[in-house]
Amino acid sequence: MIVCESSTAVVILSYNSIAWHKLFLPKIIEQSASGYDVIVVDHASPDNTSEFIQHEFPSVKLICLTENHGFAWGYAQALKQIQAEYYVLLSSDFEVTDNWFPPLLQAMQQYPSLAACQPKIRFWKDRPYFEYAGAAGGFMDKWGYMFCRGRIFSTLEQDHHQYDNDIEVFWASGGCLMVNAQKYHEVGGLDADLYAHMEEIDLCWRLKNAGYRIGAIGGSTVFHVGGSIISYGSPQKTYYNFRNNLVLLLKNEKASRLFWLIPLRLVLDGVACLPFLLKGDVKNIWAVAKAHFHFYGSFGKWFKKRKAAQQLIKNRNTTGIHPHSIVAQYFIKGLKTFDKINADTTTLS
């Protein structure tokens with residue numbers, strides 16, 4: 001068990017990430033003076049990550065996992081071994097900035113009902129733009145599709161400080177996620193069976209169902225390379241996004257909606273394949289079909305998880321659920337940016 005000296009553990013899951021550590025760890029360590037311990041989790045990497053960290057960054061605490069069963073499993077295992085008041089789950093391909101951490105800590109301390117939060121996440125390779133995985137805070141539409149302030153489907157906005165306010169959202173990005181450790185464990189932590197993608201949305205939804213809030217903190221900014229493990233647009237990413245989206249709906253949605261929502265998603269996910277069809281992208285079309293086959297093929301396993309998740313519900317917090325179809329607004333009405341879709345936002349107070 002690692003007992004942190006600071007209130008917060010910044011936990012970096014690392015798989016073959018030495019190149020990213022060379023680029024980004026010095027700044028992360030420099031900024032740790034603002035109040036956090038740095039912990040690198042070697043996720044059974046074959047590239048001698050452990051030896052590299054011990055030699056080059058001796059102040060960093062190290063956890064070595066001997067197996068690798070996906071992003072969600074790695075973090076789930078590591079966080080059982082860390083004692084801290086707060087965790088920050090930080091992917092290895094993130095660049096932090098000056099003063100990135102204090103606004104997050106201040107928000108967590110100022111708002112007792114806040115279970116988790118994220119900073120603004122911008123694209124490392126094209127720095128004025130928000131980045132796909134989280135942007136300026138996550139929302140969900142009425143059919144269960146996810147989008148962000150600053151990113152709707154493949155459309156990325158530039159950061160013109162339009163999202164510098166602190167608001168409540170439905171989900172916060174797992175790439176840079178600050179979470180109250182006690183609340184994290186209270187709702188069961190990350191679901192290792194999700195492997196990768198949307199595991200943080202599932203966690204946030206369970207936290208929301210327990211009555212807690214999720215925040216997007218505009219005073220903090222980080223940069224994300226993105227797609228360094230599973231590349232954007234790849235069939236593997238498409239598969240996990242579609243399968244896990246169905247899983248988290250089954251686990252967390254009201255029963256009265258599930259009876260018609262899951263069948264409806266068969267139709268809507270077919271519509272979502274039209275861009276792949278127009279491009280002749282057979283691999284991604286098959287990835288969507290495979291996601292549905294595997295979801296229904298393992299329905300019993302996922303339904304057991306629903307039973308466990310439903311027992312944790314105290315007071316459903318639905319802030320951040322968009323009452324319209326983001327698919328229709330984006331693809332039919334041509335509303336490509338967050339300011340156009342008439343989404344409600346709630347300021348943290």
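Cys 204 is buried, at 0% relative accessibility (buried means under 20% relative accessible area, exposed over 50%, and partly exposed in between, using a 1.4 Å probe and protein chains only). Cys 204 is in no disulfide, as the nearest cysteine sulfur, that of Cys 117, is 10 Å away (a disulfide is a pair of cysteine sulfur atoms within 2.5 Å).

Before going on, keep in mind that this is a predicted model, where local features need pLDDT of at least 70 and side-chain atom pairs count only at pLDDT 80 or more, while totals for chains, interfaces and linings use all residues. Residues are numbered from 1 along each chain as its sequence is written, and side-chain values use heavy atoms, with hydrogens and water left out.

**Cysteines**

- The disulfide count for the structure is zero.

**Salt bridges**

- Searching the whole structure turns up 17 salt bridges (a salt bridge is a side-chain nitrogen of Lys or Arg within 4 Å of a carboxyl oxygen of Asp or Glu).
- One of them pairs Lys 61 with Asp 37, at 3.2 Å from N to O.
- That pair ties together distant parts of the chain, 24 residues apart: Lys 61 sits in strand S4 (residues 61-65) and Asp 37 in strand S3 (residues 36-43). Helices (H or I, at least four residues) and strands (E, at least two) are DSSP runs, numbered from the N terminus.
- Lys 61 is partly exposed at 23% relative accessibility, whereas Asp 37 is buried at 6%.
- Lys 120 bridges to Asp 164, with the closest N and O atoms 2.5 Å apart.
- Here too the partners come from distant parts of the chain, 44 residues apart: Lys 120 is in strand S8 (residues 114-123), and Asp 164 is in the loop between strand S12 (155-156) and strand S13 (167-169).
- Lys 120 is buried, with a relative accessible area of 4%, but Asp 164 is partly exposed at 31%.

- Asp 202 and Arg 206 form a salt bridge whose closest N and O atoms are 2.7 Å apart.
- Both residues belong to helix H6 (residues 199-209) and are four residues apart, about one turn of the helix.
- An α-helix has 3.6 residues a turn, so residues three or four places apart point the same way.
- Asp 202 and Arg 206 are both buried.
- Salt bridges with shared partners link Asp 191, Asp 193, Asp 202, Arg 206, Lys 251 and Lys 305 into one network.

- Helix H10 (residues 282-297) has 16 residues and spans 22 Å from first C-alpha to last, close to the 22 Å expected at 1.5 Å a residue (the expected span is 1.5 Å times one less than the number of residues).
- Its buried residues include Asn 284, Ala 287, Val 288, Ala 291, His 292 and Phe 295.
- They cover an arc of only 130° around the axis, so they lie on the same side of H10 (the arc is that of the directions from the helix axis to the C-beta atoms).
- The face turned away from that buried side carries the exposed residues Val 282, Lys 283, Phe 293 and Gly 297.
- Among the elements covering the buried residues of H10 are helix H7 (235-252), helix H8 (255-272), helix H9 (274-279) and H11 (contact means heavy atoms within 4.5 Å).
- Gly 300 is in helix H11 (residues 299-310) and is partly exposed, at 44%.
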